[in-house]
Every structure is written in C-alpha cells, then in structure tokens.
Amino acid sequence: MYMIESKGGAISCMLLALLFLGTWPAIMTLTERRGRLPQHTYLDYTITNLLAAVIIAFTLGQIGPSRPNFITQLSQDNWQSVMFAMAGGIVLSLGNLATQYAWAFVGLSVTEVITASITVVIGTTLNYFLDDRINRAEVLFPGVACFLIAVCFGSAVHKSNAADNKSKLQGFKSLETTSSFQIETGPADSGLAKGKAKEGTAAYLIELEKQRAIKVFGKSTIIGLAITFFAGICFSLFSPAFNLATNDQWHTLKHGVPKLNVYTAFFYFSVSAFVLALILNIRFLYWPILGLPKSSFKAYLNDWNGRGWSFLAGFLCGFGNGLQFMGGQAAGYAAADAVQALPLVSTFWGILLFGEYRRSSRRTYVLLISMLFMFIVAVAVLMASSGHRK
C-alpha cells in the first residue's frame, strides 16, 4: 500500500481535500435550488461516494512495498477496528444528510462555517489526546478557540441576513398569493421588473423559493440552526472514530493482529455510510420530512435532472475524505482537521453561484468579513500545530 511519510506530502493531501470538500456542498445546493428532491440527489451522491472509496482501496491500498495491503486485511481478525471505522461512517452520513437540509434554511456559507467550527472544537480536542499529543498544544488550542469564535459570528451572520431578507419581502404577505402583476409592478428597489430577477432582490428570493425543492419561507430560523448544530456534532465524531480504527489507541485488537491501514478503514467507513444513507433516503422517498413532496424509487430512477452533478458531488466528497485521512495518518488527525477550512471554498461558491449576501445590509457584510477572518486565522494556527506520527 502507498504511505504518506513526509509532512509536505500530508499538507498537500490536506489542501487537495480542502478543495474537494469545499466544492461538493455547492454542487448539492445547486441541484436543490433547481428543484431536485434532496432524497434523489443524496441517493446518487452516496453511490459515487462509496465508489471513490473502492477505487482508492484497490489502487493506493494495493500498490507499494508496505504491508499488509487492503485485500489482505479483509480476511484478518480486526473486527474491533472495523466497528470503529463503521461508526465513523454512520455519524458522517447523518451529518451529511442533515446539512443537505440545513443549506436550504441558513445558506451554504453559514452552514459550512458552523458545522466546521463545531467539528474542530470537539473533534480536534479528541484527536489531540488520541494521537498522544503529537501536535503542539500551545498552538493547537488557540486555533480551536478561534474556530469557536467563528461559530458565534456564523450565527450572527445568519440572523442578520435573515432580517435583511425579511425586510426585502415586507411588501409581499404570502409567497403563494404573490401574483405576476405584483412582480411586474413592485417597487423599483425590489428588483421586481420584467426579465431575470437581480440577485439579492425580493424578486430573486421569490423566484428561488418557488423553484427550489425545500420551501423555507415562513419557517423558524431555529429549525435551520438546530439542524446545523446537529450536523456539526455528527461531524465532530467521525474523525476520532476513524483515528481509533487505524491506530487502536484502546488496544482492542488481539496481540499480533496488524492495525487497519487507512485504505481498509476508509472502505469500511464508506460502506457503513452508504448503507445508512440508502436506508434513510429510501424511507424519505415515501415519508418525507420538512414538507417535501412524496416520491418513489421508480420516480428516483427516472429523475435524470441533475444526476450528473450529484454523481460528481459524491466523487469529490469521497476522494476528499480519503485525502484527509491519508494526511491525518501522517501528520496527526488533529492537524488534518485544518481541512475544515472548507467553508472558505463553500463561501466563494455561495457568493459566485447563488448570490448569497447580495444587497445585504452593512451589518451583515461586517459580520461576514469578521467570520471569515477568524476562520482564516484559526486554520493557519491549526496547520502550524502539525506534528509527525512515528
């Protein structure tokens, strides 16, 4: 199997993982805003997410002189570590599923910042102690504190932006009763004129709400934040579980049984995530949540609108997670949590593709810049704490 042995190689893996993990949420958000049911999108996504793990296992897990390789470990008595890997896959799958709904309520940027920050605050602390403190605590924990501050700014950004949107829509009591005449004759600053609505205007928000799969107008902001924080808790646990699977810090394996390599652990990790996602999303087809319309497995199979984008999102997430774990095994999983800088990438896509924060108040812009600044500082400090696993 192929092993990352240098700190430079580990950091390269983390940076590539950062790009992949920051891009796939934007693709999933794109399909939802175009009206595709999240159940359909997530079923497609989870197929290629598993396929990415299989590709990594049968390539990087088999090449090179290091032993044991992926296929050899499939028949070894290592079920204890396998259980840790599969537990990590389960909580990651729950977190990914929750964020797909959270994106609709609080936006791509804020969702990613809050979940990533919670992941670092809890997950990095756990990984620091599991990795026998190979990362520099005097550098690591100030970085964790910066992430916690970013959580507070993220919540404030969402609250301020929600107030901005409410102000834009004051002239329209109900989305359902907003007529085409109202849209064409609305106030000049509302963007309600014939033709394509301008991003950030009332017309744009109304058109988006009518087109998207998850309807959010009139819903409590508490729902979105509750889903976001639940996802963050789930994300904070998957990396420590994977750490336990590959390094056996609790000495659960029998004497003489090799520890799981990254590729074998990632395979089991992805299998459990796939099975749970399959079960939950098939259930959501027939018993949907948050007011979504019912669907069926036949309707899912016939829905090719956005399927290619969903497959791409699964590949990006799968390869991104694999690269994160490869870097973490080499430089410490606490330092590898630096890939939680993914909101910087997601915010870029959110502004570029979806017009998030266009025509918002000055207060919202100040909070957004403060949030991103704290996030950049936190990631830089976290990367500086990198160690080297012996």
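UniProt, in an unreviewed entry, puts the feature "transmembrane region" at residues 41-61, 82-103, 139-158, 222-245, 265-287, 308-327, 333-353 and 365-384. Those positions follow the numbering used here, the feature names are shortened, and such annotations may be inferred rather than shown by experiment. Bear in mind that this is a predicted model: local features need pLDDT of at least 70, side-chain atom pairs count only at pLDDT 80 or more, and totals for chains, interfaces and linings use all residues. Residues are numbered from 1 along each chain as its sequence is written, and side-chain values use heavy atoms, with hydrogens and water left out.

**Two of the annotated spans**
- Residues 222-245 come out as 100% helix and 0% strand, with 35 Å between the end C-alpha atoms.
- Residues 365-384 are also 100% helix and 0% strand, and here the end C-alpha atoms sit 29 Å apart.
- Helices (H or I, at least four residues) and strands (E, at least two) are DSSP runs, numbered from the N terminus.

**α2 against α12**
- Helix α2 (residues 38-59) and helix α12 (residues 307-331) have axes that come within 7 Å and cross at roughly 40°; axes are lines fitted to C-alpha atoms, for helices over the stretch in contact, and angles run from 0 to 180 degrees between N-to-C directions.
- That angle makes α2 oblique to α12 (under 35 degrees is roughly parallel, over 145 roughly antiparallel, 65 to 115 roughly perpendicular, the rest oblique).
- The α2 side of the contact (heavy atoms within 4.5 Å) includes T41, D44, Y45 and T48, while R307, S310, F311 and A313 are among the α12 residues.
- By class, the contact has 10 nonpolar, seven polar and two charged residues (Ala, Val, Leu, Ile, Met, Phe, Trp, Tyr, Cys and Pro are nonpolar, Asp, Glu, Lys and Arg charged, and the others, Gly among them, polar).

**α1 against α12**
- Helix α1 (residues 7-33) packs on α12 at about 155°, with the axes 7 Å apart.
- So α1 and α12 are roughly antiparallel to each other.
- Their contact has 21 nonpolar, seven polar and no charged residues.

**Two residues on α2**
- D44 lies in α2 and, at 0% relative accessibility, counts as buried (buried is under 20% relative accessible area, exposed over 50%, partly exposed in between, with a 1.4 Å probe and protein chains only).
- Leaving aside residues up to four places away in sequence, D44 touches R36, Y300, R307, S310 and F311.
- V54, also found in α2, counts as partly exposed at 25% relative accessibility.
- V54 and G318 are 264 residues apart along the chain, yet their C-alpha atoms are separated by 9.6 Å.
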